[in-house]
Amino acid sequence: MFTFRRLLKTCALFGCSVTVLVSTAQEQVKLGQAITEASLAEFDLIAEPSGISFPAGSGTARQGKIIFENRCSVCHGSNGEGNSAATVLVGGDMKSLDSPLRTVGSYWPYSSTVFDFIRRAMPANAPKSLTDEETYQVAAYVLYLNGLVAEDEIMDAKTLPQVRMPNAEGFIDQSHIQ
Amino acid sequence: MTKSSKDQNKRLNLDMAAANGLLSRRHLLNAALGGAGLAMSQSLLGQEAGVKLEIPAWSKTPGPGTSPYGKTSAHAKLERQSGFDNPFYPGGGASRSPLQHLQGTITPNSLHFERHHAGVPAIDPDGHKLVIHGLVRQPLVFNYEDLLKYQMVSKIHFLECSGNSGALLYGGNPDGTAQSLHGLVSCAEWTGIPLSALLGEAGVLPEARWIAAVGADAASMGRSIPLDKAMDDSLLALFQNGEPVRPEQGYPMRLFNPGWEGNTSVKWLTQIKVTRNPLQFRDETSKYTDTMPDRKSLQFTFPMEVKSVITSPSGQMSVTQGSIYRVTGIAWSGAGSIRRVEVSADGGQTWGDALVESQQLDRALVRFSIPWRWDGSPAVLQSRATDSAGNVQPTRNSVIAAKGTINRYHNPCIQSWGVNTAGEVTNVYV
């Protein structure tokens, strides 16, 4: 801490006159209102990689195919082939000689992100319009298109976050550099 | 530079700072600069300007009176530049600041760059909530009106999208301008509440290491931020250059992480979940990760690098043989303040020190300039910044050698503006 005494010392050292601008840190007001985690049931949509905050419900790829066709295929194609590099969901190979196509299957390190992103941001023209049940179904279908789950495999809070992604080891955490 | 132009410069009594026409800064300091014009006043050369001076028409008629919210002059053509609307990405996209038309270091709010993932939400501040929960002693919800009562701090900082200048990595784009190539950087005074105060109020538990920040836009865009940063200098920004944060910048409140890639400064902030581990959101896994030549991808690459760009003369401008120009640009670093900016007119063979015209604030834009006389021969203008941590802006070749060309994020490389014999300035690769 830069104490007042040290400040005086520094001033004396550099021969400056002691006109100290007093800017003591005021005590902040505290105006947050107490809430409970339970009150956030419909507000907190984050689905964590651990599976902890996944909602109730379940779904299979077979169920998801129908919703995907109706709600997602306009951008992503019926089989996840997409209508541009930005919307393709399947294929790609991180080992390819050319610049790799990065998709859910080839690039995404966590299956939880598939559910989390669909739940909060998709479909792009009507985000948050899918029910939790439908979100499980569509997420299951996207994972199925990438050959990561079987067509009738049940995806829920327990099984979906455990789906192993091919590029899970492909990332290097740089968060220590701040 | 040719021998004859050297002789010419000698005859004109011009001190050289580096080869190919870069002049000593004293020529800028002594010269009478005509407005924000590109070419310097001919008075430097001691010639009669030949301008007929008379009282203009607007000095003879009263103009309109006051206005509720001021506008820029109709003669100042200042516009952000957007990409094309994508019907499959409603509201998504970016717009870029017109760097080549701006001076000083502060970006006007109307021209601050934008990046949206699902458009700009129409937020009524009375209905907006900020929730802090997760690994805290007491989950809290804050109202906008209450947040305005907190003690605030004001800091001038740049904000840069980590995708800025990414196009330079794959080459091409000879028609690029300072705006189209580098316009995803802006600088403003941000006023708000240190996030540490609000996190402290909720009481962060000892096991916490990260926070998840989520916006109230249609994409609920989220990023994970290390708790160390959040407790150090993250700001809940409520004001931008003195007025409420603009809707496209996050009204009524945004996170602001000084020096870090822009996407982490989550706009329309509505949720902070304090956690043990990062949340692995789409925009920190699928996007904003930097794939290296060995196909491993760097994740959570937060600080923006030391960087500069000449904004004038720059792409799509032109210069006239024999004229003296104020070569000017901006420099910044996420690692501290800018200590030095050098300019080259011969593609990096020789360098002269530019004058830093502005304050050298921590993680803020600085403005630099150096006078340059174009003798008509081909030239390549470059700038190179050094920050207070000793980091030196790298060449394009060294960035590519280190990080390859798959990656499009975090490219701080030196920009080269080529000047051909016709005086046309274009984006070139040297």
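**Figure 1. Contacts and overall dimensions of chain B.** Among contacts in chain B between residues at least 6 apart in sequence, 71% join residues at least 24 apart; two residues are in contact if their C-beta atoms, placed from the backbone, lie within 7 Å. The model is predicted: local features need pLDDT of at least 70, side-chain atom pairs count only at pLDDT 80 or more, and totals for chains, interfaces and linings use all residues. Residues are numbered from 1 along each chain as its sequence is written, while chains are lettered from A and ligands numbered from 1 in the order in which they are written. The C-alpha trace of chain B spans about 75 × 65 × 40 Å along its principal axes. A compact globule of 430 residues would have a radius of gyration near 22 Å, and the 24 Å of chain B agrees with this. That radius is taken over C-alpha atoms, and the globule rule is 2.2 Å times the number of residues to the power 0.38. Chain B has eight helices and 26 strands; helices (H or I, at least four residues) and strands (E, at least two) are DSSP runs, numbered from the N terminus. Of the 430 residues in chain B, 48% are buried. A residue is buried if 20 or more other C-beta atoms lie within 10 Å of its own, exposed if 12 or fewer, and partly exposed in between, with C-beta atoms placed from the backbone.

**Figure 2. The side of chain A that touches chain B.** In the contact between the chains, 46 residues of chain A meet 46 residues of chain B. Strand 1 (33–34), helix 4 (111–121) and strand 4 (171–173) of chain A each give two or more residues to this side. Helix 4 of chain A gives the most, with six residues. By class, the side of chain A that touches chain B has 23 nonpolar, 15 polar and eight charged residues. Ala, Val, Leu, Ile, Met, Phe, Trp, Tyr, Cys and Pro count as nonpolar, Asp, Glu, Lys and Arg as charged, and the others, Gly among them, as polar.

Figure 3. Six strands form an open sheet in the order 1(A)-7(B)-6(B)-15(B)-10(B)-11(B), with mixed pairing; two strands pair if DSSP finds at least two bridges between them. Its edge strands, each pairing on one side only, are strand 1 of chain A and strand 11 (222–226) of chain B. Strand 1 of chain A runs antiparallel to strand 7 (residues 140–143) of chain B, and two bridges join them. Within this pair, A:Gln33 stands opposite B:Val141.

**Figure 4. A three-stranded sheet in chain B.** This open sheet of chain B has the order 3-4-5 and antiparallel pairing. Strand 3 (81–82) and strand 5 (114–116) of chain B are the edge strands. Three bridges connect strand 4 (residues 93–96) to strand 5 of chain B, and the bridge partner of B:Ala94 in strand 5 is B:Arg115.

Figure 5. Eleven of the eleven residues of helix 4 of chain A are buried, among them A:Asp116, A:Arg119 and A:Arg120. The cover over the buried residues of helix 4 includes helix 5 of chain A. The largest nonpolar core has 123 residues, and A:Ala139 and B:Leu236 have the most contacts inside it. Helix 5 (residues 132–145) of chain A gives the most to this core, with nine residues. A nonpolar core is a set of buried Ala, Val, Leu, Ile, Met, Phe, Trp, Tyr and Cys residues joined through C-beta atoms within 7 Å. Not counting residues up to four places away in sequence, A:Ala139 touches A:Val114, A:Phe115, A:Ile118, A:Met155 and A:Leu160.

**Figure 6. Helix 2 and A:Lys95 in chain A.** In helix 2 (residues 61–71) of chain A, the buried residues are A:Ala61, A:Gln63, A:Gly64, A:Lys65, A:Ile67 and A:Phe68. Strand 2 (58–59), helix 3 (73–76) and helix 5 of chain A are included in what covers them. A:Lys95 is found in the loop between helix 3 and helix 4 of chain A. A:Lys95 counts as exposed because it has 7 C-beta neighbours inside 10 Å.

**Figure 7. Confidence.** The model scores ipTM 0.91 and pTM 0.92. Chain B averages a pLDDT of 93, and 93% of the residues score at least 70; pLDDT is the predictor's confidence in each residue, from 0 to 100. Over residues 31–38 of chain B, pLDDT stays under 50. Where pLDDT is low, the predicted coordinates should not be read in detail.
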